[in-house]
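Trainee: Could we go through this structure together? I would like to learn what the words used for it really rest on.

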Amino acid sequence: MPYTSFNFNSFKTEKGRRFRFGTIGEKKVIVVMTGLGMLNSGVTTQLLLTLFDVEGIVHFGIAGNADPALHIGDVTVPRYWAHTGLWNWQRYGDGPEKELALESNGDYTRKYGALNFSDYSVGGDKPAAGNLLNSVWYQPEEVFRAGGTPESRGHEFWVPVDDRYYQLSRKLEAMTRQFLRSRLGVTAIDMETAAVALVALQQRTPFIAIRSLSDLAGGGSARAAQARAFAALASQNAVAVAIRFITLLS
């Protein structure tokens with residue numbers, strides 16, 4: 001990667017977050033650590049957009065790997081992000097064709113594939129009959145867009161990154177978990193980006209995320225320490241690509 005100058009010489013502390021001001025190449029930037037998990041990343045992103053006049057968001061870090069074709073240290077720039085932690089449990093005994101509770105009110109949907117727990121039963125060759133957990137359906141998030149009608153909700157599951165940012169990221173290509181992968185085509189899994197994406201969507205702010213993979217898809221047992229062993233490598237790769245991407249915005 002070509003050498004890129006960067007300098008950070010001041011900061012502002014607000015609500016437990018430290019916002020650092022500086023430049024990367026010729027671009028003015030504000031850097032803030034989101035913290036771990038959806039709550040922290042969502043709060044930090046909203047605080048950033050409330051306090052400052054921000055042109056766009058470049059979110060970066062490490063991620064788990066759900067794609068067997070990818071390797072440790074690979075840097076991913078997904079086109080869409082989704083929060084897969086919002087579920088609706090289907091009543092025991094109901095089949096996938098049966099309407100969910102509150103579905104007719106528009107609160108829930110069967111659009112996104114059901115996770116049938118009996119498909120993953122252990123202790124036998126055949127799925128357990130009558131699994132009491134039944135199934136869950138992935139649910140989109142409620143979205144209240146800035147500038148829209150107050151309390152008028154929309155729903156979003158796959159949140160797209162900014163199209164211009166995504167096309168710009170393709171110039172970086174020369175820089176060298178089983179159910180989610182098979183049903184939804186997932187490549188990278190992390191705990192923060194979906195919240196950043198949803199806040200950016202609601203606030204109509206351009207957004208992109210750069211995540212470097214710290215483990216192999218399906219890694220377990222002997223590979224359980226992969227993320228710990230390769231986090232530093234993955235972090236360095238994510239930072240390098242993020243810095244290079246920001247210089248393209250200049």
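Mentor: Gladly! Let's start with pairing: two strands pair if DSSP finds at least two bridges between them. Keep in mind that this is a predicted model.

Trainee: How do you know that β7 pairs with β9, and which residue stands opposite N88?

Mentor: Three bridges join β7 to β9, residues 135–138, and pairing needs at least two, so the two strands count as paired. They run antiparallel. Within β9, W137 stands opposite N88.

Trainee: What makes β7 and β8 edge strands?

Mentor: The open sheet has three strands in the order β7-β9-β8. Both β7 (87–89) and β8 (112–116) pair on one side only. On average, neighbouring strands of this sheet are turned by 25° against each other, direction ignored.

Trainee: Now to the helix α4: why is it called largely enclosed?

Mentor: Buried means under 20% relative accessible area. Nine of the 10 residues of α4 are buried, so the rest of the structure largely encloses this helix. Among the buried ones are T193, V196 and L201. Just after α4, R204 takes a positive phi of about 55°.

Trainee: Which residues have the most contacts inside the largest nonpolar core?

Mentor: They are I57, W81, V161, F207 and F245, in a core of 24 residues. The largest share, six residues, comes from α4.

Trainee: What is I57 in contact with, leaving aside its neighbours within four places in sequence?

Mentor: Its contacts include V196, A200 and F207; contact means heavy atoms within 4.5 Å.

Key: Residues are numbered from 1 along each chain as its sequence is written. This is a predicted model: local features need pLDDT of at least 70, side-chain atom pairs count only at pLDDT 80 or more; totals for chains, interfaces and linings use all residues. Side-chain values use heavy atoms; hydrogens and water are left out. A nonpolar core is a set of buried Ala, Val, Leu, Ile, Met, Phe, Trp, Tyr and Cys residues joined through side-chain atoms within 4.5 Å. Buried means under 20% relative accessible area, exposed over 50%, partly exposed in between (1.4 Å probe, protein chains only). Helices (H or I, at least four residues) and strands (E, at least two) are DSSP runs, numbered from the N terminus. Axes are lines fitted to C-alpha atoms, for helices over the stretch in contact, and angles run from 0 to 180 degrees between N-to-C directions.
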